[in-house]
Structure formats: structure tokens, C-alpha cells
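This note is written for a colleague who meets the structure for the first time. Please read the points below with the sequence and the model at hand.

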Amino acid sequence: MILNYDEKIIQVKIVYYGPAMSGKTTSIKYLFNYFNKEEQLNSIDNSVGRTLFFDFGVLEFKGAEWNLKLLIYSATGQDFYSSTRPATLKGVDGIIFVVDSKRECLDHNFRSWKELEYYFDEELYQIPIVIALNKYDLGNGKKISETDLNQVIDFDKFKSIYIAETIAITGEGLLYSFKKLIQSIFPKISLNL
Ligand SMILES: Nc1nc2c(ncn2[C@@H]2O[C@H](COP(=O)(O)OP(=O)(O)O)[C@@H](O)[C@H]2O)c(=O)[nH]1
Ligand SMILES: [Mg+2]
């Protein structure tokens with residue numbers, strides 16, 4: 001978090017993290033569309049539409065005294081580009097961990113979570129996190145649940161961690177998880193997004 005006292009700007013970095021194809025780009029695109037800021041979002045895609053490096057965009061909200069500037073990134077889960085991840089994660093204020101909630105993606109998700117743990121170590125417990133169980137429309141009832149996540153995530157250790165069910169292609173749950181994260185980063189402000 002960076003506070004610019006001269007210009008009265010609070011700058012915050014939010015990262016959508018998770019395995020490849022879990023819905024990070026779709027989630028961020030929805031968010032920017034919702035705030036009518038599509039043109040602010042840059043996605044670096046390859047020819048088959050997968051995000052090669054990351055998505056990046058800025059959302060700004062005006063407050064009575066201070067303005068809030070949110071730097072939003074997605075971090076790719078594709079191993080080939082794993083070296084771009086630490087730079088994206090540096091100085092992060094909040095993480096939305098986008099899970100592909102299809103049952104068969106369990107290991108995929110776990111591997112991605114363990115990368116986060118590896119990168120942050122104990123510091124991870126202090127970072128506000130929202131776990132988005134995305135693709136909740138798929139899976140025919142055989143979806144990943146909180147109980148499954150308990151295998152690798154020690155919820156009690158976290159200062160602030162929430163779970164939300166999301167469907168990025170329709171936008172369901174996306175705003176809720178976004179607001180929940182902002183609220184966790186700033187527990188004392190009331191949100192009017
Ligand atoms: N059915 C369904 N498909 C989704 C959902 N979210 C994303 N997708 C699809 O999953 C694929 C990968 O999404 P994308 O956002 O590119 O994943 P990323 O690699 O994490 O950025 C795309 O074809 C999306 O349309 C969802 O909630 N439900
Ligand atoms: Mg992507």
C-alpha cells in the first residue's frame with residue numbers, strides 16, 4: 001500500500017491468483033466492465049486466448065478526502081512463465097485466489113496454492129485473501145468445497161480469509177468477493193461501490 005499525502009491517493013495492489021484457466025481473466029474483465037473501465041484493462045494474450053503474462057488495470061474511486069487507486073493484476077499459473085509471478089506478487093495488499101471448483105482440478109488448485117505459500121511463507125497469513133470457488137456452474141454436484149480446501153489451507157492461521165462461490169462468465173459472486181477483499185484491506189471504511 002502506498003500513501004501519497006500530497007495528492008491524497010491511497011494506492012493498493014490486488015492480485016487475482018490461481019491455476020491456468022481457472023477464470024482469472026474472465027473475472028477481471030467482468031470487474032472492469034462493471035465499472036465501465038474496459039479500456040483501462042490490458043491483457044496480454046497469445047493466439048489461443050490464454051493469458052501469457054498477466055492482466056493489468058487500474059480502478060480509481062473518489063472518496064470525500066482521499067482517492068483510492070486499485071492496481072489489479074492477474075498472475076498466470078502457467079509454469080513456463082512462472083518467473084513472471086514473483087514480480088506480480090511483490091507488495092500485494094490482497095489476493096483473490098481463483099479456484100477451478102471442478103473436482104478433477106483439485107491437484108491443480110492445490111499446486112497453485114502451494115506456490116503462494118512457497119513465495120510468501122509465513123507472511124501469507126497476514127495478507128487478506130478471498131478464495132473464489134469459480135466455475136460453480138460446472139461439476140455436476142462434484143465440486144470442490146471448503147472441506148477439501150482444509151487439506152491444504154490452515155484457515156485458522158489467517159488474519160482474514162473468506163470463501164465465495166463465483167461464476168465468472170455470468171458475474172455471479174464476483175462483486176461480492178471483490179468488495180469482501182477491499183473491506184478486509186480497509187476494515188474501517190464503509191464501501192459505496
Ligand atoms: N462455465 C464456466 N466457464 C468459465 C467460468 N469462468 C471462466 N470460464 C471459462 O474458462 C476458460 C478460462 O478462463 P480464463 O478467464 O481465461 O482463465 P485464466 O487462465 O485463469 O485467466 C474460458 O473459456 C472461460 O470462458 C465459469 O465460472 N464458468
Ligand atoms: Mg488469463
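1. Basis. The model is predicted: local features need pLDDT of at least 70 and side-chain atom pairs count only at pLDDT 80 or more, while totals for chains, interfaces and linings use all residues. Residues are numbered from 1 along each chain as its sequence is written, and chains are lettered from A and ligands numbered from 1 in the order in which they are written.

2. Overall layout. The protein chain has five helices and eight strands; these are DSSP runs, with helices being H or I of at least four residues and strands E of at least two, numbered from the N terminus. Their order along the sequence is β-β-α-β-β-β-α-β-α-β-α-β-α. Of the 193 residues, 38% count as buried. A residue is buried if 20 or more other C-beta atoms, placed from the backbone, lie within 10 Å of its own, exposed if 12 or fewer, and partly exposed in between. Among contacts with a separation of 6 or more, 67% join residues 24 or more positions apart, a contact being two C-beta atoms, placed from the backbone, within 7 Å.

3. Ligand 1. The shell around ligand 1 holds 18 residues, of which Gly 23, Lys 24, Thr 25, Thr 26 and Ala 168 come nearest; a residue is near if its C-beta atom, placed from the backbone, lies within 6 Å of the molecule. Helix α1 (residues 24–34) gives the most to this shell, with three residues. By class the shell has six nonpolar, eight polar and four charged residues. Here Ala, Val, Leu, Ile, Met, Phe, Trp, Tyr, Cys and Pro count as nonpolar, Asp, Glu, Lys and Arg as charged, and the others, Gly among them, as polar.

4. Eight of the eleven residues of α1 are buried, including Lys 24, Ile 28 and Phe 32. How do α1 and α5 lie relative to each other? Helix α5 (residues 174–185) packs against α1 at an angle of about 85 degrees, with the axes 10 Å apart. The two helices are therefore roughly perpendicular, a term for angles of 65 to 115 degrees. Axes are lines fitted to C-alpha atoms over the stretch in contact, and angles run from 0 to 180 degrees between N-to-C directions. Ser 27, Tyr 30, Leu 31 and Tyr 34 of α1 meet Leu 174, Leu 175 and Phe 178 of α5. This contact has six nonpolar, one polar and no charged residues.

5. Core. The largest nonpolar core has 42 residues, and Val 15, Ile 95, Ile 96, Phe 97, Ile 131 and Ala 132 touch the most other members. Such a core is a set of buried Ala, Val, Leu, Ile, Met, Phe, Trp, Tyr and Cys residues joined through C-beta atoms within 7 Å. Leaving aside residues up to four places away in sequence, Val 15 touches Tyr 73, Ala 75, Thr 88, Leu 89, Val 92 and Ile 95.

6. Positive phi in loops. Asp 121, which is not a glycine, has a positive phi of about 55 degrees and lies in the loop between α3 (106–120) and β7. Asp 121 is exposed, with 9 other C-beta atoms within 10 Å. Lys 135, likewise not a glycine, has a positive phi of about 60 degrees; Lys 135 is buried, with 24 other C-beta atoms within 10 Å, and lies in the loop between β7 and α4.

Methods
Angles under 35 degrees count as roughly parallel, over 145 as roughly antiparallel, 65 to 115 as roughly perpendicular and the rest as oblique.
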